[in-house]
Amino acid sequence: MDPFDSNSSDRANLPRNMIENSMFEEEPDVVDLAKDSTAFPTFPALDPDDVVYEPRSSRLLVRGLGENDMDEDEEDCESSARLLGMSFMNRSSANRPSSSPYTRQPPPRSCSRPSARTMVVCVLFLVIVASMTMVLYFLPGCTFTKTGCRKTNQTTPLVPVNPKSSSGEPFPWNGYRLPQSVHPLSYEVTLNPNLDNMTFTGCTVIHMSVQHNTKRIVLHSAKLNITRATFKLGEGEAEAVTVLEYIPRQQIAVQFSEDLKAGQSCVLTLEYSANLSHTYGGFYNSSYTDKDGKKRVLAATQFEPLSAREAFPCFDEPAFKATFLIKISRNTDFMTLSNMPLAKSTPLANGLVQDEFKKTSVNMSTYLVAFIVANFTPMSKNVSDTLVSVYSVPEKKEHTDYALETSSKLLAFYNDFFEIKYPLEKLDLVAIPDFLAGAMENWGLITFRETSLLVGQHSSPLEKQVVASVVAHELAHQWFGNLVTMSWWNDLWLNEGFATYMQYMSLQAVMPNLDIGNLFLSVRFRALDKDALNSSHAISTEVNKPEQVEEMFDSVSYEKGASILLMLNASLLGEQQFRKGIIEYLKQFSGSNTVTNDLWNSLTRVEVSAQHLNVSEMMSSWTSQKGFPLVTVSRKGDEVTLTQEHFLLTSDDATHTSNLWNIPVTYVTDNCSVAPECRQVFNLKTKSGTLKLAESVKWLKLNYRNTGFYIVHYGDEGWAALIDALKSNFSVFTHEDRASLIHNMFALSRLGRVSFQQVLNLLHYMSNETETTPVTEALMQLNVLYQLLDKRQEQDLVPRMKNYVMNQFGSLMDKQTWKEEESVSKQELRAALLGAACSLGEENYINQAKELFKRYLNSSGTQQIPGDLQQVVFTVVGQSDEDWDALLTLYKHATYDAEKRSMLRGLASTQDARRITWILKAGLRGDIIQTQELPLVISTVSNSFAGYLFVWDFIQENWDRLIEKFPLGSFAIQSIIKSATSQFSTQAHLDQVKGFFSSLKERGSQMRSVQEALETIRLNQRWMEKNLSMLQKLL
Ligand SMILES: [Zn+2]
């Protein structure tokens, strides 16, 4: 098996246990079926467990536990069959002819010396038994899903292996997803953390209801040492029970000799002990050094996606919502926080205090539970009956004002926008000194990195933009994600795409001075770039393994999700349609879980345009298939033909797809091109379509303001007309349209549809450009090429490329100042231009940066470097031999985190081999440089020629320690792999990368980011082969 082949459909080559696991792990589809009544309209809505889990488990129990266990499961199978009616049997016999590859030997029967009649009866009996067994045993769960079963070449019969629990007894469940037979109603979690020895004990009481008869309760638990367990059924007495644990799936189970009956209620009480985690997940310990140089410890939680189970045993899937009552004991000099307000504090006999929080007033998913034990201080404010507080370590209290003001404004905005009031009494936003993600939306207790929440007195508007966006994103989650939650991680985008979209939308409305639109535009471009790879995935995609869950946290779920929502909103008539639809969605599903189609159905119901747009039909083409379309324009007079195809960078016969999208194509012409009224719409659903122009035009520009998620090719003539228009008066296009022309042209060059000469022709107008987004997009694209040439040591081309950039952008660079600047957009522009000038080694810019640093260093804090230029200045300083140590000293003493981060990136820009090695190791150790910053250090180090080779060695040598700190598939690991490999463009490096990841096997070879890395290297290699000689001529 080639583990790097993205086409994993060849399951015959997989080891047997993998095939079996995947066979038993297809619940998401089934859940979809149960929800999606249109897929099989004749079926009643089914409990997924009825359809799939029980028959599957019966297969396991037959093998694993012997015949005595058949009763319950036979019953379950029977009820499933009853529910499904005859269609179940018909479909099964139709789908599983006798030639089924799953055939196994019929059970032996003794029919000694039979009569002919007995023989006939025996044979008939055997046939019936064998067919029934085959139906029940071998029918895969995927039979009833929309997608059906994958084809398999398996020729040997499958033997489901019942897993063994850690005690050696059979574990009564063989599925990654939990069975649906028992649902939790409420949890009472009591925790006793000890911050001296970094351990904790806990007791969790779970009240549950039995959904249908079962002899087992299966839930999650990881790294917890369960010391005592009791079970109480209905009003009966609590009795001690044995807990079985299956460590590979982080599941525990309690088995019963008699059925728990549907409708009964029961209580499971589990006592346990554990270590506080040393990673960034679960209930983890953290520390920081206070202003007196004293080490302070704290404990905090990060549960999303799969780590609540590390703090308390629970049904750790988003659809198992319940209420939570949390109690935590603490030392008197600490305080605690949780989702709900404090109810009471009780002194304990051992001198500690127990804080008890109110029971949650809402049902919530386990991943949203949170608690903190620390010595933080708050700043608070009342916003329409909600107490909003921002917490930080005491010495950073004065950095919380901006977050408090911003979160208050945004909370008021969302309360109004969604027409549903934030449901909890309080909302805490907490800056945690050691935190891997940007922030986490725990209900009522949002946790942040310090850089995502704290803003210093001298912070630039650009730093405020970062804080405001993260706060806006997390607050949007209080509705999207917390109130209405995706049923399973395959639809993570319902949380993340929406929160990302709302973050830009709300800030545009509430804080227009932050110019958030520029940021949104550039993240849409990056999402297109990633989605153009064959290794990308559909927005809604099957997820059956922990690392697949982690991998869903990527730009497809976030940025592509947000992009398609923008496209939808832009194509609905009237501002309010979209809002009405999401209000209806939130109201209808408040407190429950949804799948993607629920959202589209809500939006379809409120759609009132004359076209009667079927939102569901249109949008599922964007969520159910990976990638996006390339729309090619060809014009003959007033007749314009649009053709669509999959924009796939790796496009050969093997990857060719005939995917079609339902595209709301927008366009403007030279007759009217800037004002929103100029925009015209054409719905392209088929391979090609023709539109008639009302008047004669010189040019057409599609995808007005780049609100659509597609790329446009205008053909040679079309491009030539647009380039002419740009040259004579670029303001006939909006700045988003200019940026989108630049982005699309580079993308088409990468695809091989336009020559590099055309790219250069388009960029010719750049020296006149005044707006930020076209400049930053062009610089970003050119930098990618420059870095590739530099890393290949194309000695001849690198200086020529430098000259080209300086010729094109030199006059713009000259116009920039190094003084304070208020406009965010202008800050972005000058940071990009001055940063580029310095990185290309332009002496006079470098000297100005050094001068600014010297003044700052000698002024003992009175002379500031403008916040937006700190990065430029520290990067120059970090590359100079004499100033690096001074920067390191500053870094060690800096308290303001945004500044500290800029310094760190400066330090990591060093070209010195010893310093590179030191900084990578320090990031891994986590003392001087926090390990949470390691992905940033790695990406910065990789930019330099010396650095990128060191990084690759470093990752290979330290892989196991890296995946100890950052979970496989996590965003941090995705970023590390990308940084380390995306600049390779030779066969030798391709072989090395392939060899290394292949050798990791289950320690990483299966990750999507590995496929992405290999595909990127191949594409770089191909681009270089095709274009190097052309660049020799052109530059
Ligand atoms: Zn989010």
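**Close-up views of a predicted model**

**View 1. Helix 9 sits mostly inside the protein.** Helices (H or I, at least four residues) and strands (E, at least two) are DSSP runs, numbered from the N terminus.

A quick note on the model: it is predicted, so local features need pLDDT of at least 70 and side-chain atom pairs count only at pLDDT 80 or more, while totals for chains, interfaces and linings use all residues. Residues are numbered from 1 along each chain as its sequence is written, and side-chain values use heavy atoms, with hydrogens and water left out.

**View 2. Three residues hold on to a zinc ion.** The protein donors are His473 (NE2), His477 (NE2) and Glu496 (OE), at 2.0 to 2.1 Å from the zinc ion. Along the chain, the donors follow the spacing H-x3-H-x18-E. His477 belongs to helix 8 (residues 461-477) and Glu496 to helix 9 (residues 493-510), so this pair ties together parts that are 19 residues apart in sequence. His477 and Glu496 are both buried. Donors are N, O and S atoms within 2.8 Å of the metal (3.2 Å for Na, K and Ca); water is not among the atoms, so sites may look incomplete.

**View 3. Cys672 and Cys678 form a disulfide.** Their sulfur atoms are 1.9 Å apart; the rule asks for a pair of cysteine sulfur atoms within 2.5 Å. By that rule, the count comes to 1 disulfide. The torsion about the S-S bond of Cys672 and Cys678 is about -75°, so the disulfide is left-handed. Cys672 is partly exposed at 33% relative accessibility, whereas Cys678 is buried at 6%.

**View 4. Helix 27 packs against helix 28.** Helix 27 (residues 934-941) and helix 28 (residues 945-965) meet at an angle of about 155°, their axes 9 Å apart. (Axes are lines fitted to C-alpha atoms, for helices over the stretch in contact, and angles run from 0 to 180 degrees between N-to-C directions.) Residues making the contact (heavy atoms within 4.5 Å) include Leu934 and Ile938 of helix 27 and Tyr948 and Phe954 of helix 28.

Technical notes:
Buried means under 20% relative accessible area, exposed over 50%, partly exposed in between (1.4 Å probe, protein chains only).
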